[in-house]
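Welcome! Take a look at the sequence and the structure below, and then we can walk through a few places together.

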Amino acid sequence: VQLQASGGGLVQAGGSLRLSCAASGSIFAVNSMGWYRQAPGKERELVARITSGDRTNYADTVKGRFTISRANARNTIYMQMNSLTPEDTGVYYCQVDYTTTYGGSRNYWGKGTLVTVSS
């Protein structure tokens with residue numbers, strides 16, 4: 001399984017970024033995908049997730065600013081991040097929960113993409 005993430009970078013406070021993540025490989029079905037982030041000196045935390053049924057959940061700190069969505073055909077998710085603040089700085093990791101072609105359940109983490117928000 002591979003997760004190809006893109007969209008990180010440097011932005012000023014108040015700006016926007018859009019992250020994308022595409023899952024490929026021995027995946028029979030994606031059950032859910034999401035973004036987590038890890039700020040310097042802090043633990044990794046959930047930012048947003050979306051299920052195959054389009055149910056979403058967000059961290060309280062990003063509600064109303066971030067929007068997660070998905071494109072079925074390519075096992076791809078997007079996260080639009082608006083009104084960014086320096087507290088949103090961190091490495092953002094894409095994660096997928098999926099059913100394998102053999103019927104098992106697995107999860108996989110991407111390598112992470114850096115988001116830096118300057119004040």
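Arg-49 is a buried residue, because its relative accessible area is 11%, under the 20% cut-off. Its salt-bridge partner is Asp-97, with nitrogen and oxygen 3.2 Å apart. This pair ties together distant parts of the chain: Arg-49 sits in strand β5 and Asp-97 in strand β9, 48 residues apart. Asp-97 has a relative accessible area of 25%, so Asp-97 counts as partly exposed.

Please keep in mind that this is a predicted model.

## Other salt bridges

How many salt bridges does the count come to? The count comes to six. One of them joins the side chains of Glu-45 and Arg-37, at 2.8 Å from N to O. Here Arg-37 is buried, as its relative accessible area is 6%, whereas Glu-45 is partly exposed at 36%.

Another salt bridge brings together the side chains of Lys-63 and Asp-60, with 3.1 Å from N to O. Asp-60 has a relative accessibility of 63% and therefore counts as exposed. There is also a network: Arg-37, Glu-45, Arg-65 and Asp-88 are joined into one by salt bridges that share partners.

## The largest nonpolar core

Now let us turn to the nonpolar residues. In soluble globular proteins, nonpolar side chains tend to be buried together. In this model, the largest nonpolar core has 27 residues, and the members that touch the most others are Met-33, Trp-35, Met-79, Met-81 and Tyr-92. Which strands each supply at least two residues of this core? They are β3 (17–24), β4, β5, β7 (66–71), β8 (76–81), β9 (90–100) and β11 (113–118).

Setting aside residues up to four places away in sequence, Tyr-92 touches Leu-19, Trp-35, Tyr-36, Arg-37, Val-47, Phe-66, Met-79, Met-81, Gly-112, Thr-113 and Val-115. That list includes Arg-37, the residue that forms a salt bridge with Glu-45.

## A buried loop residue

Finally, find Ala-39 in the loop between β4 (27–38) and β5 (45–51). Is Ala-39 buried or exposed? Ala-39 counts as buried, because its relative accessibility is 19%, and the cut-off for buried is under 20%.

What does Ala-39 contact, leaving aside its neighbours within four places in sequence? The contacts of Ala-39 are Thr-89 and Gly-90. Val-91 is 52 residues from Ala-39 along the chain, yet the C-alpha atoms of these two residues are separated by 6.5 Å.

Notes: Residues are numbered from 1 along each chain as its sequence is written. This is a predicted model: local features need pLDDT of at least 70, side-chain atom pairs count only at pLDDT 80 or more; totals for chains, interfaces and linings use all residues. Side-chain values use heavy atoms; hydrogens and water are left out. Helices (H or I, at least four residues) and strands (E, at least two) are DSSP runs, numbered from the N terminus. Buried means under 20% relative accessible area, exposed over 50%, partly exposed in between (1.4 Å probe, protein chains only). Contact means heavy atoms within 4.5 Å. A nonpolar core is a set of buried Ala, Val, Leu, Ile, Met, Phe, Trp, Tyr and Cys residues joined through side-chain atoms within 4.5 Å. A salt bridge is a side-chain nitrogen of Lys or Arg within 4 Å of a carboxyl oxygen of Asp or Glu.
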